[in-house]
Amino acid sequence: DEIRLDLLRQAAESRPWMIVSEMELLEEEQPRTYHTLCRLRDQGYELQLLIGSDWLKGLEHGWRYIKEITEEFGIAVMTRNQDDTLRMIVEDPYLSSISEYLRVIHTPETYREISSTKVRELLKDPEKNSEQIRKYMPEGLDLSALGIEE
């Protein structure tokens, strides 16, 4: 958690629009996404939940408070891999029922393959996967804490 937080802070240094919060790390128990969104809203932020299109299929049964999240905040969906995100929404009865709360972001090809899940998998063997890990990380980050030297 601390390494991830440090990397996010490094990334935010050159991105004035980016804010890094350690709120969830300071909690005794991992809060639900809805509760985190509510707390950030109460602090004055206007926000939406951002997910990859690979998470769409799990929204109906895999998320608590999904009705509240969709209706109160909305969800921005980044297209992943070769997904046809709009088609996925139209063809799924649940997703089409909440489509007014979904905003599809047409992700440039360069970023469609990037996934934090994929990066975490690569980090299981950072020496072997260092080149691939660098490909997924923003330029200019000090990756030495991950075991990756310049």
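Contact, in my notes, means heavy atoms within 4.5 Å.

**Setting up**

I'm working with a predicted model, where local features need pLDDT of at least 70, side-chain atom pairs count only at pLDDT 80 or more, and totals for chains, interfaces and linings use all residues. Residues are numbered from 1 along each chain as its sequence is written, and side-chain values use heavy atoms, with hydrogens and water left out.

**Entry 1**

I started with Leu56 and skipped its neighbours within four places in sequence. Which residues is Leu56 in contact with? I found Ile51, Val77, Thr85, Met88, Ile89, Leu95 and Leu102.

Next I looked up the largest nonpolar core. Such a core is a set of buried Ala, Val, Leu, Ile, Met, Phe, Trp, Tyr and Cys residues joined through side-chain atoms within 4.5 Å. Buried means under 20% relative accessible area, exposed is over 50%, and partly exposed is in between (1.4 Å probe, protein chains only). This core has 20 residues, and Ile51, Leu56, Leu59, Ile69 and Ile75 touch the most other members.

The largest share, three residues, comes from α3. Apart from this core lies another one of eleven residues, including Ile133, Met137, Leu143 and Leu146.

**Entry 2: helix α3**

In α3, I see that Tyr34, Thr36, Leu37, Cys38 and Leu40 are buried. Their cover includes α2 (23-26), β1 and α5. Just after α3, Gly44 takes a positive phi of about 105°.

Arg41 also sits in helix α3, but at 33% relative accessibility Arg41 is partly exposed. Not counting residues up to four places away in sequence, Arg41 touches Leu47, Glu72 and Phe73. With Glu72 there is a side-chain to side-chain polar contact at 3.0 Å. (A polar contact is a pair of N or O atoms within 3.5 Å; within protein, one must be able to donate a hydrogen and the other to accept it, and residues adjacent in sequence count only if both atoms are side-chain atoms.)

**Entry 3: Thr70**

Thr70 belongs to helix α5. Is Thr70 buried or exposed? Buried, with a relative accessible area of 2%. Leaving aside its neighbours within four places in sequence, Thr70 is in contact with Ile75, Ile98 and Tyr101.

**Entry 4: salt bridges**

For a salt bridge I need a side-chain nitrogen of Lys or Arg within 4 Å of a carboxyl oxygen of Asp or Glu. By that rule I get nine.

One of them joins Asp92 to Lys57, with the closest N and O atoms 3.9 Å apart. Asp92 lies in the loop between α6 and α7 and Lys57 in the loop between β1 and α4 (59-62), so this pair ties together parts that are 35 residues apart in sequence. Asp92 is buried at 18% relative accessible area, whereas Lys57 is exposed at 56%.

Another links Arg87 and Glu91, at 3.0 Å between the closest N and O atoms. These two are four residues apart in helix α6, so about one helical turn separates them.

I also noted Glu121 with Lys124, 3.2 Å from N to O. Here Glu121 is partly exposed at 49% and Lys124 is exposed at 63%.
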